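Please brief me on the fold shown below.

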Amino acid sequence: MNILVYFEERAGSIRKPSYEAIEAARSIGATSITAVIVTASAASVLSDTVKRSGVSKIIVVEEARFAHYSSRAAGKAVAEVAKQANADVVIIPATARGKDLAPRVAVRLHAGYVPDVTALAMHEGRLQATHPVYAGKANVTIDVLTPKKVYSTRPNLWKASKEQAESAIVENVTVAFDEKDFAEQTKELVLSQGKLDVAEADIIVTAGRGMKGPENWGLIEGLASAFGAAIGASRAVVDAGWRPHSEQVGQTGKTVSPTLYVAIGVSGAIQHLAGMSSSKTIVAINKDANAPIFGVCDYGIVGDAFEVIPQLTEEVKKIKH
Ligand SMILES: Cc1cc2nc3c(=O)[nH]c(=O)nc-3n(C[C@H](O)[C@H](O)[C@H](O)COP(=O)(O)OP(=O)(O)OC[C@H]3O[C@@H](n4cnc5c(N)ncnc54)[C@H](O)[C@@H]3O)c2cc1C
């Protein structure tokens with residue numbers, strides 16, 4: 001089976017979910033994996049870490065106009081490389097960009113596509129993908145019947161591949177783009193410089209309407225900084241304008257799968273659970289013992305957040321030091 005993994009570049013580096021996608025490919029027994037990088041500057045992105053990431057070949061499509069992402073052009077480039085590499089399977093991390101790119105690649109390859117895959121496995125010689133449905137309440141196992149298959153893999157569920165001794169072969173491929181391909185380009189605005197992105201964080205402290213108002217987020221920031229965590233938010237607080245949408249976790253926000261998810265003053269509505277129920281350990285703090293969040297958490301504290309957070313922050317600091 002030939003597997004092609006999309007390496008997503010942001011500001012000159014390859015994002016962690018790309019390295020996780022390599023592990024997803026390995027989990028189905030792939031021995032030789034090719035990566036594709038679509039970039040404006042190959043020299044700045046092809047670091048030693050990238051070359052030693054465990055793929056045997058890296059195919060680079062370099063084009064100055066990729067200084068800003070273009071969905072149509074990137075879709076064309078990845079599909080072109082997939083054809084040239086004779087890839088049976090294309091794995092694209094289900095980041096915001098990956099979710100935009102993967103269906104375009106699938107259409108160009110006439111491939112079946114499974115989005116937001118949480119597990120890949122070989123079963124009786126067939127490749128099966130697990131995909132959560134009904135806002136995470138159930139999982140379906142999908143057997144794609146087309147010869148070519150495209151999957152987008154949920155970040156944080158596979159361990160990122162470790163740096164290998166062997167360096168990948170690098171090959172440049174030229175794709176014939178036309179003006180239309182770059183008619184639409186996306187400029188990324190970095191609003192939270194220096195802050196951890198909730199979609200990639202290993203620990204997340206999320207707060208909801210139980211925090212009463214934006215003036216109380218100092219408590220959340222204190223706990224998050226003690227943990228070294230990213231800050232998440234429920235939709236209720238985003239809609240109220242207390243927090244930016246970039247922090248929203250859930251069905252209409254980001255899907256996260258951190259090692260530790262701490263939900264404070266969050267009721268645990270189904271649309272919130274859809275975005276975080278695959279977290280490895282969930283801790284809930286809520287003053288209502290009947291809040292639905294207690295139905296999914298591993299550890300629950302029934303109590304007033306304003307009393308619990310300072311104590312918890314102190315304990316975390318003690319353990320960390
Ligand atoms: C189509 C659609 C999409 C949606 N998408 C999302 C989404 O992506 N993400 C999302 O989060 N929601 C989403 N929602 C909204 C969702 O249904 C809930 O309304 C929302 O998650 C509630 O946010 P909350 O838990 O912060 O607020 P609430 O439901 O108001 O819960 C606040 C909680 O805080 C607790 N509390 C109050 N005071 C304290 C205190 N002092 N100490 C401790 N606990 C306290 C309360 O007991 C309560 O459980 C969506 C809804 C729809 C219809």
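Which strands form an open sheet with antiparallel pairing, and in what order? The 3 strands run in the order E8-E9-E10. This is a predicted model, in which local features need pLDDT of at least 70, side-chain atom pairs count only at pLDDT 80 or more, and totals for chains, interfaces and linings use all residues. Residues are numbered from 1 along each chain as its sequence is written.

**Terms for strands and helices**

- Helices (H or I, at least four residues) and strands (E, at least two) are DSSP runs, numbered from the N terminus.
- Two strands pair if DSSP finds at least two bridges between them.

**Antiparallel sheet**

- Strand E8 (119-123) and strand E10 (138-143) are the edge strands, and each pairs on one side only.
- From one strand to the next, the twist averages 30 degrees. Axes are lines fitted to C-alpha atoms, for helices over the stretch in contact, and angles run from 0 to 180 degrees between N-to-C directions.
- Strand E9 (residues 126-133) pairs with E10 over 6 bridges, in the antiparallel sense.
- Threonine 130 faces threonine 141 in E10 across this pairing.

**Parallel sheet**

- An open sheet of 5 strands shows parallel pairing, in the order E14-E13-E15-E16-E17.
- E14 and strand E17 (299-302) are at the edges with a single partner strand each, so one side of each has no neighbour in the sheet.
- The twist here averages 15 degrees from one strand to the next.
- Strand E16 (residues 281-286) pairs with E17 in the parallel sense over 4 bridges. Asparagine 286 stands opposite valine 302 in E17.
- Helix H6 packs on the sheet and touches E13, E14 and E15. The direction of H6 makes about 170 degrees with that of E13. Contact between two residues requires C-beta atoms, placed from the backbone, that lie within 7 Å.

**Strand E13 and its partners**

- Strand E13 (residues 203-207) is mostly covered, with 4 of its 5 residues buried. Buried residues have 20 or more other C-beta atoms within 10 Å of their own, exposed ones have 12 or fewer, and partly exposed ones fall in between; C-beta atoms are placed from the backbone.
- E13 runs parallel to strand E15 (residues 260-264), joined by 5 bridges. Valine 205 stands opposite valine 262 in E15.
- On E14 (residues 230-233), E13 pairs in the parallel sense over 4 bridges. The bridge partner of alanine 207 is alanine 233 in E14.
- From E13 the chain crosses through helix H6 (residues 217-227) to E14, in a right-handed β-α-β crossover. Right-handed means that, with the strands pointing away from the viewer, the path from the first strand over the helix to the second runs clockwise.

**Nonpolar cores**

- The largest nonpolar core has 52 residues, of which Val5, Val36, Val78, Ile91, Val105 and Val150 touch the most other members. Such a core is a set of buried Ala, Val, Leu, Ile, Met, Phe, Trp, Tyr and Cys residues joined through C-beta atoms within 7 Å.
- Helix H4 (residues 71-84) gives the most to this core, with 7 residues.
- Leaving aside residues up to four places away in sequence, valine 105 touches Gly75, Val78, Ala79, Ala82, Val90, Ile92 and Val150.
- Another core, of 37 residues, lies apart from it; Val198, Leu223, Val237 and Ala305 are among its members.

**Positive phi outside glycine**

- Alanine 11 has a positive phi near 50 degrees, although the residue is not glycine. Alanine 11 sits in the loop between strand E2 (9-10) and strand E3 (13-14). Alanine 11 counts as exposed because it has 9 C-beta neighbours inside 10 Å.
- Aspartate 116 also has a positive phi, of about 50 degrees, and is not a glycine. Aspartate 116 lies in strand E7 (residues 112-117). With 19 other C-beta atoms within 10 Å, aspartate 116 is partly exposed.

**Whole chain**

- The protein chain has 9 helices and 17 strands.
- Of its 321 residues, 44% count as buried.
- Along the principal axes, the C-alpha atoms fill a box of roughly 60 × 45 × 40 Å.
- Among contacts between residues at least 6 apart in sequence, 68% join residues at least 24 apart.
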